Amino acid sequence: MTPDDVVSELWSGMTLGIGGWGSRRKPMTLVRALAKSDITDLHVVSYGGPDVGILCALGKVRKLTFGFVSLDSIPLEPHFRIARQTGTLPEIVELDEGMFQLGLRAAAWGLDFLPTRAGLGSDVLKHAPHIQTITSPYSGQALVAMPALKLDAALVHMNRADARGVGQFLGPDPYFDDWFCMAADKAYVSAESLELDADACIHSRILHRGMVSGVVHAPGGAWFTECPPDYERDEDLQARYAATAKDPDAWAAFVQEL
Amino acid sequence: MATRGDICAVAIAETFRGDGAIMASAMGPMPKIGARLAQATFEPDLMMTDGIATMIDGDGEVEAWMPFSKVFDTLWNAKRHVMMGASQIDRFGNQNISCLGDHAKPKVQLLGSRGAPGNTICHPTSYWVGRHTARVFVPSVDMVSGIGTNNGAYEIRRVITNLGVFDFETESGTMRVRSLHPGVTFEEAQEATGFAIERPDGAIPVSREPTDAELTVLERWDPGAAIRGRIA
């Protein structure tokens, strides 16, 4: 598939999961194709980085489910901050990072929810009143019933894949990309190369054909976010991206480059 | 003569005393130096990552794999002590790293709650605040990200600041001065705090200074005191 082929299978109003973590191995080629499309009104579910910032700045996000949004080396994501502080992001669900992961797992396993202590006593529950607590039938302990984060589609980026849908990460951390794929009706994987690394440990092959609907060959597909061992983060480009939050002309120029 | 930064690094290290073979997750440069000091001296079993996904032992050798999914497993398994930062802390140790102002349309959007809710309910938590002011230590936080002693925290062990060491070992679970760094008065700490700090019975202890051996370790992890030197 091409990035535009993937976008042609997405639609306005959908719930879209985006893999990676902060400014790490984000599927930015796919996000850029989405950014250039007329798709809008999205519910984005992400351990957020520039994917969230760009889509928010373009006014495409109706609702954001997140545990954090950060560019890592630049701790606060400036476009996300503007969206929040000016009220242009209509709805958010702010979660504990662990609750977020359990939401993906619940969706993947076909459960309505998974129980956890994470979130109890915090204002995460106050600001997300749809999240219920339950009482353990065994101990009587109160627990958060983290609802499933069911995704219409997921976008993830791998170091390697094959055309059939086997996905391979070669970096330090798989993040939760496999769970994003399993929580989604359709999962689209971009990869630096469509040739699997036969020498890498078998544990690196975290996506299988049953989890993946389409594969895109996208060298440099994490764009300025890091994708080790293929490349590190482009800090200069990330800094330029961050600076566009204070300069509408620079932002307009940046959008032209997407 | 030990600097304020040295004193703070030792105080941070002391929060991990007795922890044994658990994961010390130190968020930020000063907590990392302090935790490495503890690991290199009196708490050799502590486990730490390189800040990415690899556990690195006290000799700098690769020890084990710790991707984020295993971080959650470890923290839900309670084999962890985190030292986080805080944009706001109240007298019960409730912490905010999410946003300032109204959550629906914040004046200042920060990180989001990250792992703070789960950390604080599952295992010991400490905080590092490099600049102790009444803007950080507030009567009530705008959003409870990390939960305090009145909201079911597992254990808020210490708050280390540039002025002193604080704990919550009072009947009401409110913040108490445990020691003040050399040269700091109670009045000074109270002035920089937006709520009444509790006092221990008797004289307030003075935070201890590093030993020569500890200074050598600090120099290894923070050459030229590049990081410690910023603490005033």
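Which residue of β11(A) does A:Y188 stand opposite? I began with this pairing and found that A:Y188 faces A:G214 in β11(A). I note at the outset that the model is predicted.

**Entry 1: strands of chain A.** I next looked up the strands on either side of this pairing. Strand β10 (residues 184-193) and strand β11 (residues 214-217) of chain A run parallel, joined by 4 bridges. Strand β8 (residues 151-161) of chain A also pairs with β10(A) in the parallel sense, here over 8 bridges. Within β10(A), I located A:S193 and found A:R160 opposite it. I then checked burial: β10(A) is mostly covered, with 7 of its 10 residues buried.

**Entry 2: a helix of chain A.** I turned to helix α3 (residues 50-57) of chain A. It is largely enclosed by the rest of the structure, because 8 of its 8 residues are buried. I listed the buried residues of α3(A), among them A:P50, A:D51, A:C56 and A:A57. Just after α3(A), I recorded a positive phi of about 70° at A:G59.

**Entry 3: the contact between the chains.** Finally, I examined where chain A and chain B meet. The contact draws 32 residues from chain A and 29 residues from chain B.

Definitions and conventions:
Residues are numbered from 1 along each chain as its sequence is written. Chains are lettered from A and ligands numbered from 1 in the order in which they are written. This is a predicted model: local features need pLDDT of at least 70, side-chain atom pairs count only at pLDDT 80 or more; totals for chains, interfaces and linings use all residues. Two residues are in contact if their C-beta atoms, placed from the backbone, lie within 7 Å. A residue is buried if 20 or more other C-beta atoms lie within 10 Å of its own, exposed if 12 or fewer, and partly exposed in between; C-beta atoms are placed from the backbone. Helices (H or I, at least four residues) and strands (E, at least two) are DSSP runs, numbered from the N terminus. Two strands pair if DSSP finds at least two bridges between them.
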